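Q: I have a model open and want to learn how to read its features. Where do we start?

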Amino acid sequence: MLGTVAVRNTLAVMRRRPHTSTTTAITFIRPTTPAALRPTLRPFTSNTPSRSTPRQPTRRTSPLASNTPAAITAAFPEISYAQSDLPTQGENAVPAVGKYTCIMSQTELHRDFQDMNKLSAADAGKVVWVRARIGNVRAKGNSCFIVLRQGPFDTLQACYFKDKSDPERSKAMLKFMGGLTSETVVDIQGTLATANVKSCSVNDVELSISRVYVVSDAGAILPFQLEDAGRPEVEVEASQGTERPFPRIGQELRLDNRWLDLRVPANNCIMRVQSGICQLFRESLYEQGFVEIHTPKLIGGESEGGAGVFRTDYFGRPACLAQSPQLYKQMAMSADLGRVFEIGPVFRAENSNTRRHLCEFTGLDLEMGIEEHYNEVLLVTHRMFKHIFEGLEKRWAKELAVIREQYASEPVAFTDDPCVLHWPEAMSLLRGEGGMEDVDDYDDLTGAQELKLGELVKKKYGADFFILDKYPSAIRPFYTMPCPENEKFSNSYDMFLRGQEICSGAQRIHDPELLTRTIEAKGVPVEPLESYINSFRHGVPPHGGAGIGLERVVFLYLGLDNVRKASMFPRDPNRCEP
């Protein structure tokens with residue numbers, strides 16, 4: 001946990017005394033640069049005489065005269081990236097501090113930038129280049145300490161001390177570094193030296209600065225401070241009754257500046273865990289003989305019926321954004337692809353302003369042929385989820401540790417074999433131990449009923465993840481195979497994580513005549529679905545599958561309070577930007 005704590009510490013303004021460095025000061029020599037390479041100092045202000053007064057010599061202020069960070073860094077020379085490789089002394093000298101002109105791929109220096117997480121005391125004495133963000137700066141008196149940050153994990157202390165042999169030069173260096181703003185991207189060259197820096201993830205070495213060049217400025221005033229955005233809610237709440245309460249960074253402010261919000265270590269790691277789930281999903285299904293497909297997202301009908309579709313014009317014809325790849329997954333069965341999966345966008349025009357609904361999300365879909373019973377699909381899907389849950393805890397442990405510092409959660413409890421409840425058992429549990437007498441045998445579960453059922457299953461079976469089988473036919477889509485024993489129920493199931501649904505699936509109707517009758521009984525127009533129905537008229541094996549919401553899996557696995565935290569740039573009824 002030391003690395004995690006270090007990440008959180010370095011987001012804060014360093015209030016403690018910096019750790020004393022054992023490094024000797026670097027001597028900076030005033031360069032004498034040829035005119036062709038010499039950057040021009042841009043004056044910060046000037047006093048221009050009026051035409052009505054006698055002409056006087058123009059007065060320019062010193063580049064070090066202003067104390068504002070923007071003025072300080074702007075007053076120093078601009079140099080090209082190519083010039084940064086020149087020496088800081090001698091005939092072709094360049095300044096040791098300054099700002100790059102815009103890097104537009106003009107040159108390649110093949111510079112060996114270091115990943116800070118690979119640095120250690122064994123590298124002491126090496127001269128290295130590092131590109132990183134400014135975490136924070138403390139310049140005081142004759143020294144300057146800078147915390148550099150790369151990504152969500154890695155921080156390194158860099159330091160500079162006044163050179164008594166060239167005090168004017170040192171003063172300029174300290175002035176420049178003291179004006180660097182948090183989140184600015186810099187290139188820093190220096191010599192590594194052993195140190196004991198408990199507040200950084202790289203804690204046994206520090207960088208003694210010889211050059212600093214600004215790659216990209218961050219404004220002096222940010223929409224919010226990363227330190228404030230990275231505090232656990234319990235810590236913020238506990239501070240509210242004190243003399244110095246921590247600010248609470250609202251969700252809308254975060255989402256309006258999502259690129260900045262995603263620099264917060266926990267939020268950055270959430271995106272990495274989301275990526276990990278996709279990787280593990282693919283790994284498991286490839287191992288089980290699946291083929292990845294890519295289906296259309298512009299369709300001429302409605303993939304699942306109903307009003308929840310985004311409609312558009314397709315060259316004079318009506319079309320809509322796909323609610324799911326469902327119809328095309330089934331056509332893939334008719335195409336003899338055997339077992340297929342897809343990771344792609346899903347669109348739902350549902351005006352649901354809840355903490356668990358989005359209008360656009362990423363679907364993890366699978367479909368496969370059935371030899372005897374749709375239990376085969378349940379086994380494959382359970383094996384896939386088990387691979388995800390185990391893989392996250394083992395291979396994404398570092399990311400999970402950072403996330404759990406801000407958003408508390410425990411690893412998901414799951415059974416080796418599928419934990420399956422049939423609908424009647426679930427109703428009995430809710431009415432009995434759950435005390436919910438108003439449960440309807442043929443209606444869908446409410447959010448409160450799902451949560452209660454999750455509590456009861458955890459208590460009875462010790463599982464956060466379970467499958468609820470045999471849903472009532474009336475509440476399932478038209479392509480769902482009815483139960484042969486009782487047509488009021490169906491061969492369909494949902495999968496739950498921590499008491500909320502993350503996956504919906506079923507055996508599909510593969511008989512074209514039964515499918516047509518079911519579509520008509522549901523009140524869905526048949527004509528837009530003719531191609532789909534026709535794909536079953538040329539022979540298709542029995543099949544079934546499942547559709548999973550990626551963001552909801554992330555949201556529930558990590559115990560987040562809102563699914564928007566699990567989406568990179570969420571779309572809901574009130575937000576379609578950035």
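Q: Which residues form one aromatic cluster?
A: This is a predicted model. In it, Phe 385, Phe 389, Phe 414, Phe 465 and Tyr 557 make up one aromatic cluster.

Q: Take Phe 385 and Phe 465. How many residues apart in sequence are the parts that this pair ties together?
A: Start with the geometry. The Phe 385 and Phe 465 rings form a tilted pair, 4.9 Å centre to centre with 50° between the planes. Phe 385 belongs to helix α10 (residues 375–395) and Phe 465 to strand β17 (residues 465–469), so the pair ties together parts 80 residues apart in sequence. Both Phe 385 and Phe 465 are buried.

Q: How many aromatic pairs are there?
A: The count comes to 19 aromatic pairs. One of them joins Tyr 81 and Tyr 100: the ring centres are 5.5 Å apart and the planes stand at 80°, so this pair is edge-to-face.

Q: Are Tyr 81 and Tyr 100 buried or exposed?
A: The cut-off for buried is under 20% relative accessible area. Tyr 81 has 13%, so it is buried. Tyr 100 has 3%, so it is buried too.

Q: Which charged residues sit over rings?
A: Look for a charged end above a ring face. Arg 231 lies over the face of Phe 246, at 3.6 Å from the ring centre. The charged end of Arg 476 is placed over the ring of Tyr 471, 4.3 Å from its centre.

Q: How many disulfides does the structure hold?
A: A disulfide is a covalent bond between the sulfur atoms of two cysteines. This structure holds zero. Cys 419 has 8% relative accessibility, so it counts as buried. Cys 483 is also buried, with a relative accessible area of 8%.

Q: How do I read a helix, and what span does α8 reach?
A: An α-helix has 3.6 residues a turn, so residues three or four places apart point the same way. Helix α8 (residues 265–287) has 23 residues. From first C-alpha to last it reaches 33 Å, close to the 33 Å expected at 1.5 Å a residue. Just after α8, Gly 289 takes a positive phi of about 85°.

Q: What pLDDT does the chain average?
A: The average is 88, and 86% of the residues score at least 70. Over residues 1–66, the pLDDT is below 50. That stretch has 130 contacts in the model beyond near neighbours in sequence.

Key
Residues numbered from 1 in each chain as written. Predicted model: local features only at pLDDT ≥ 70, side-chain atom pairs only at ≥ 80, totals over all residues. Heavy atoms only, no water. Helix = DSSP H or I, 4+ residues; strand = E, 2+ residues; numbered from the N terminus. Expected span 1.5 Å × (residues − 1). pLDDT = per-residue confidence, 0-100. Contact = heavy atoms within 4.5 Å. Disulfide = S-S within 2.5 Å. Buried < 20%, exposed > 50% of the residue type's maximum accessible area, 1.4 Å probe, protein only. Phe/Tyr/Trp six-rings, centres within 6.5 Å; stacked < 30°, edge-to-face > 60°. Lys NZ or Arg CZ within 6 Å of the ring centre and 35° of its normal.
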